[in-house]
Structures are given as structure tokens and as C-alpha cells.
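Have a go at each task before reading its solution.

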Amino acid sequence: MSDLLQVQDLVVEYGGRTPVRAVDGISLDVRAGEVVALVGESGCGKSSTARAVVGMEKPADGQVRYHGRSVPPLGLRTRDVALTAMQMVFQDPNSSLNPRKRVAAQIADGIAAARARGAEGSKPDYWLDQVGLAPDLAARYPHQLSGGQRQRVAIARSIAARPDLIVADEPISALDASSQAGVAAMMRRLCLDAGAGMLFISHDLSVVRQIADRTAVMYRGRIVESGATEVIWNDPLHPYTRALLAAIPRADGKGDLPQAPAAEAPPEWASEVPEALQRV
Amino acid sequence: MSVGEGGVKQRRIRRAVFARIPRAWLTPLAIIGLVVALAWIVVAFTASSFIPFSPTEQSLPRLQPPGGEALLGTDGLGRDVFSRLMAGAGVTIPLALLLVAVSTLVGVIVGAVAGFFGRWVDETLMRLTDLVMAFPTVILAMVIAASLGPSLFNAVIAGIVVSWPQYARVTRSLVLSLRTQNYVVAGRLLGYSPLRSLLRDILPNIAGPVLVLAALDIGTAILLLSGLSFLGLGAQPPTAEWGSMISEAMRNFDSWWIGVFPGLAILTVVMAFNFLGDSLRDILDPTSQTERESTGVTHAPAQASDGGER
Amino acid sequence: MTAAPVLSIRGLTVAFGTRKRPTPIVHGVDMDLLPGRVQGLAGESGSGKTVTAMSVLGLLPRTAQVGGSVRLGETELLGLGRRELNRVRGRRIAMVFQDPSASLHPQLTVGHQLTDHVRTHLKVSKAHARERAVELLERVHVPDPAEALGRYPHQFSGGQRQRIAIAIALACEPEVVLADEPTTALDVTVQAGILHLLRDLALERELAVLLVTHDLGVMSAIADDVAVMRHGEIVERGPREQIFTKPQHPYTRELLTALPESDFTDPGARGSLAGQGLLDPEVEE
């Protein structure tokens, strides 16, 4: 089975003369019908990876292949119709929707993209229902919605395009704590129902654990550990993954303090542990 | 139907009508601005039908003080100041509106193209705006008007040449900031062509600030046209134009009414359009819209949960 | 445990908007902060928890209408003038914000800010203030404190900046610390360290801490008592363990079930949350 998305030795750099390397040669793949999570803390390069995957950033080196074809940067040319089957969900729900368009029209944009590819058409109401919103929201403008509702509309718009790959860049971190897990689970369900694959970027391992089949842990632009989510969660090998998991506070009411690393960014976090990669 | 019932209904209708008026319009300054600007616009287009004398005919005794046969007195050539004042509105205001409309159009097109296409297109267009903006506005307008030959039409051309760059600058920076917005990127990922992205995702969202700028600029345009006419570079005698009326008043310094009334006319119309522009800015601010439109929203808690905590 | 409360809030109400049409944000909150204990205040955005904390220090905008009583020892804080309030702020009650940059001046060295702060509230010599600044940085585990005094805030990582902000908050030995989402902007590995620090400081200095956070994990880690707030009201309160293990109010239960760890028993359950409508407070009718 050929991979839906293949990222090979991807390097993303920012800045001119002395570029900052945000992503330092990472490889990963996403297959149809699975959720792959890319987790890490701020500045680890996970969002840059997501942006490079959809073509918002031009890779400095390496390749991003979607259906075996290289993804062109999102430039001034109209995106190739075949590429509209790759959709993105952004972190900030407030800037994800056009403020001057009604909800129904925004979802209709997604539907139109699906039609243009020859896929089956649909109604905005159907997708509102799919993301758990009432049909009477269709006539509203984004500023009349809460942040959580906006994000659901944004998800509905991308799903309405009937994608086979969804790149979600921290899609839940701007939401209220009580709706985060629910939205993440909903995204997984929608994605799998459509037979699509998803690259789910997050800093929240406990949510990722719940929805990802495979997980890659990123630190300073590199993947330090990757493999089946449960394996990584139950038996982390890399020092960084261990520290990350140990630092998650458990809401069990026991009053246990999470383990704090002895120092900020100890050098062993950047070490290479080959056996921590591709774990099954 | 009883009288009381009718009264209730009327009140309800009135309330419904008022609910549709944005809050920002219900401030004193906005109302004054709106009323005065509308009054002047009406005058501008109907003056010829109600003025008692021809604005150009020298039929009355010269330098009569206000209050006589001529309501606001007569000027040094025996023309009725009131008639000239009203007719002057019909000269200056439409031309100022035209000036602003054309400069906005030119500026928005240039700015949108520069901001959206970037690179050398942007460089070229922006250096051009720098070039124009490097000169003091009024002086450049004077030079252009003078070299084209003194006439009102040329004054408008000069006004357009000096005022489009500000629209281009503002539009460009707005387009640049919107171009990377998630919803614009999302549109591109859905297969929007660049033109469609520009027309549907970007331009509607910059219309507000540009309109405000244009509304605030109407006053400036009136000042510019009157100023050029005052200097003899715009309206030519015997055309009734406020700037040239003030200029003519300089010759009869003792007859205060010749200059004061056109001066007041300029003052009121410029202030009215500035008030209007300010109110427009408040109205187009999306946060002020929320309050108005949420009256019809039934799921208030969801909305409150988003912005309540600041 | 039965010590007298350092700060007690009674019937606190806050409303915004015009006098004629006020929008109530907080209605009738009671709360006591005890020395050496961390009082948690949980709730989602818009629940009024931050407004509650801010009103204690009179940090709300002028348009806010605040009612009720906030007593710090014998002093009633509501209705205090600007000058008296300034004397209380920073001296007896300190605040730690989500964004440490908000409490640090970007163009002054850390040493400058710390010694300034020490000297405005405690009348001590410059040398003494500096000595104290080094001690404070040492206490919050900023590495190499003497050298750190000469550096500017942007030269520190986010976690170190929050430590410095805490040091400033501690500078005048306050009785009460209001911590509003103190770790929300931080990475989880950095957060763990800050939580340790807050917990230790509360115990060692007998601080009465009000911890405002939406993060129940953080709450569970360091709060002794927890109050759950919703729509401007406290719906449930009690000792930490009781709130987390035997929640009484349906809203508290809803918050706890929505946590990702809560019902994860086997890998097959992945995605199972989606089916449960109760997780989605935003699902309409």
C-alpha cells in the first residue's frame, strides 16, 4: 500500500543570512485511515512541519510527497484540483473563518472543492450536524459564534471538501478544556468515517494518546521517538519522552506533583536513541 | 382597533426600527455629522432651483451688508453672497466626492495588486507611491494644477494624483496582513484562484478601513479644492466656488460677510464629513457589531463564554 | 487548618456595562484564603474566575461595578482609595500572571526591577536590596542569580521569566499570592517545575495562595481546596480529594469526564468519547 503522505528528511528554515532551522531533517508517513500525531513543546518545529506539508512553507531540503507526488508551495498559482483533497485545520479558530461570510457559505466552499474534484456533493446542514452544531447556525456570521463553535465550523469546512488527508495544526489548544478531548475525538471519528488519514499536531500528549494510532515526539526540530501510541505511552525509551510524560499532571485529586526535570532542557534530551524510533 | 393598541403597535415598530440602527449612529456627533452632511449634499444638488439670484449676475448694489434684499449681503461686484454660497456647494461637494471616489478606486487597485502579488510588482508600485508621497501634498497639487492650467477639472486631477497613494499604502498593508490569515490560506487550499481569493476573502475584509479613510478624506478634498481655487488654480471667475469667494473677499476686507460665510460653509461641511468618518469607523468595528446583532441570537451563553473573561 | 483566614471574600459581585444596564459577571462569591494553603478556583473561560481574582486587587476597569466585601486581615479592600490600594498591592498581596512578560519591564534589567520593588515597599539600603534580590532568585531556582541580575527579561526562557515574576511577587513577603493561570503559557515540562516551586513556597512561607486555572491537572497537583466556578457562581467547593473523587455537582462531573485520561481503559476505546454528547457543551439542543 502506498503511503498517503510521505515526509522525507524535511528541513524547514526561517530567516535570511543566518537561517534558523526549525525542522532538522524529519521523516514520517501517514497512511489512509490512520491518525498520526506529532507532539512536542513550543518551538520544537511541529507547526513548521505541518505548514511545510501543506505547502505553506517551502522546504529548505527534503521532500513532502502526497500520493507520491511532491507538494508544490502554495504560491500565486491556483492549487491543483487533486491537491484540494489535502485539507488543513488551524489552531486559531478566530482567524480560520472569513468574518464577512455566513457559516453556510464557508462550508459550501468546502463542498464546492469536493465537487470540483468530481466527488459527491452535499448540504452544509449535513456537515453542521456531523460536527455537532445545530442547523440554525448556518445563517450566522463567525463573530456570532463562540470559539469552540468556530473551530467546529472550520472543521466542517475542511471535511466537506471530502479530503483524504487532514493536517491539523494544534486544532484544540485554543478551545476550552472541557471541549478539547471531545473535539479531538470527533475529528478522529470524522476522519476515519471518510477513510482519510490525519496528521494531528499537538502539545498535549494525553489527548494524543486518545486519538492517535501512531505518535512521533519532536524535540528541537528532530523526531526523538516514534511508533505505536500505546507503546510510547506505556514504555517511553527516549529521555525526553520520559520527561514529557512524567511532567503531565494527573487530575486524580491525589495531590501528586508531576515530576519536574532537574534542569531546563538537559543535554540528554537532544541525544539520539535509535531504538526509540519506529516502535511497534 | 383601539387607540391604545395602535400606540403600542407604533411604539413597537419604532423600537424595531431603532434596534436596526447601529449604536454608533446614535451619538450626538454622528447625528450632527449626518444631518449637516446630508443637508449640504441636498443643497449641492438642488441649489439652482431655490436661490433668489443668479450666482454670477452682477445685478445688485455692491457691498451691501447682510439682512437687506440680499440675505447674506452682496460682494464687491454686486452678486448675492447667499446665492453664490448655495451654488458653490453644488460645485465643490460633487467634485470632492468624485475626487475621493476616483483616488480610492485607483489606490485600492494599486495597493491590492502590490500587496497580493508582492515581489517586483510590489516594489515598483510602492516606489511610485513613495515618489508621490515624498512631496508635500498641497504644494504638489499646486504644481500639478498650475502646470495643467488653472481650471476646476484640473484641480480635481491634481487632487487625485496627490491622494491615491495613501489608499494604495493602506490597502497594501491590509492585504499583506490578511494574505497570511488562516481563512485566506484555507480558501487557497480549497482551490481558490488568486483573483477569487483577493475578491472574496481579502477585499471584503478591508472595505471597512478603506471606507473610513475615504470618508475622512472628503473633508480634506474639499479643503484642497477650495484651497486651489483660493490660489486661483481651481475655479475661475465668475464661477461661484467657496475658496475663490474667500479669495475675492480679500479685496474688500471691510465687508466681513463676503469671506466669513464661505469660510463657515467650508468649516461646517468639513467637520460634518469628519464626524461622519469617525462614526463610520466605530460602526465598522466588528466588536461594536456584536452587541447589535446578538439581540437576535438565542444561544447567548455560548457567546458570553467566549468573550466574557477579560 | 483552622487558622484564621488571611483574606476573606464575602458576597462578591461584579458587573460590567452601564449603570442602567449592568451585565453581571460574578454573583455572590464567598471564599477564604488560609495561610500555607492553596485555594484553587477552577472554571472555563468566561466563568468569572479571573474577574474574581482581579477584583480583590481593584485591578478591574473603571466600568466594573464591584459589590460585597473583601477583607485582608482587618482591612476592607473594596472601596479603598488608589493610594491605600497601592500600599496593599505588591506589599501584602502579590500577583502572578499567565504571561510573565506582563509583570516584567522589557527594558530594565531583572536586578533593577527586583531591587526597585524591594526598595519601594521595604525601606532598605541599595546594597541590602541587592543582596535580597540574589536570595530571591536563588530561592526560585534561577541559575547563577548574581549574574542574572544584570540581564534583561528577554534573555531568559519563558519558564525562567515566570520564576523571576514569582521572585518579584515574593520580594516584599506578601501574605497572599494571587496566581492567575500561572503555568498556562508554559510547556508541560517547565510547568512541572513551577508547580513544585509554588507548592514549596506556599508551605515554607505560610502564603495564602489563590490559584486560578482551568487546568484540572494543575489543580489536582497543588491545590488543597478547590472551588468550581460557572457563570459567575461557585457551584461546588471542598477539599481537593473530595472534588476529584466524589464530585457532587453535575458540572464538576462534566468537567472531570471531559478530561482525556478519565475513561481511557483500553486502546480499543480510542475515539469513544465522540459518542458521548455530554462532552460537548457546545452541542446545541
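**Exercise 1.** Find which residues of α3(C) meet which residues of α4(C), and describe how the two helices pack.

*Solution.* Start with the contacts, where two residues count if their C-beta atoms, placed from the backbone, lie within 7 Å. Helices here are DSSP runs of H or I with at least four residues, and strands are runs of E with at least two, numbered from the N terminus. From α3(C) come Gly111(C), Leu114(C), Thr115(C), Val118(C) and Arg119(C), and they meet Lys126(C), Ala129(C), Arg130(C), Arg132(C), Ala133(C) and Leu136(C) of α4(C). Next, sort these residues by class: five are nonpolar, two polar and four charged. Here Ala, Val, Leu, Ile, Met, Phe, Trp, Tyr, Cys and Pro are nonpolar, Asp, Glu, Lys and Arg are charged, and the others, Gly among them, are polar. Finally, take the geometry: α3 (residues 110–121) and α4 (residues 126–139) of chain C pack at about 115 degrees, with axes 9 Å apart. Axes are lines fitted to C-alpha atoms over the stretch in contact, and angles run from 0 to 180 degrees between N-to-C directions.

**Exercise 2.** Decide how far to trust chain C, using its pLDDT.

*Solution.* First, remember that this is a predicted model, in which local features need pLDDT of at least 70, side-chain atom pairs count only at pLDDT 80 or more, and totals for chains, interfaces and linings use all residues. Residues are numbered from 1 along each chain as its sequence is written, while chains are lettered from A and ligands numbered from 1 in the order in which they are written. The mean pLDDT (the predictor's confidence in each residue, from 0 to 100) of chain C is 85, and 91% of its residues reach 70 or more. Then look at residues 262–285 of chain C, where pLDDT stays under 50. Where pLDDT is low, the predicted coordinates should not be read in detail. For the model overall, ipTM is 0.91 and pTM is 0.82.

**Exercise 3.** Work out what chain C is built from and how much of it is buried.

*Solution.* Count the elements: chain C has ten helices and ten strands. Then turn to burial, which requires 20 or more other C-beta atoms, placed from the backbone, within 10 Å of a residue's own. Of the 285 residues of chain C, 47% are buried.

**Exercise 4.** Which helix of chain A gives the largest share of the side that touches chain C?

*Solution.* Begin with the interface: 42 residues of chain A contact 47 residues of chain C. The largest share of chain A's side, nine residues, belongs to α5(A).

How values were computed:
Buried ≥ 20, exposed ≤ 12 C-beta atoms within 10 Å, placed from the backbone.
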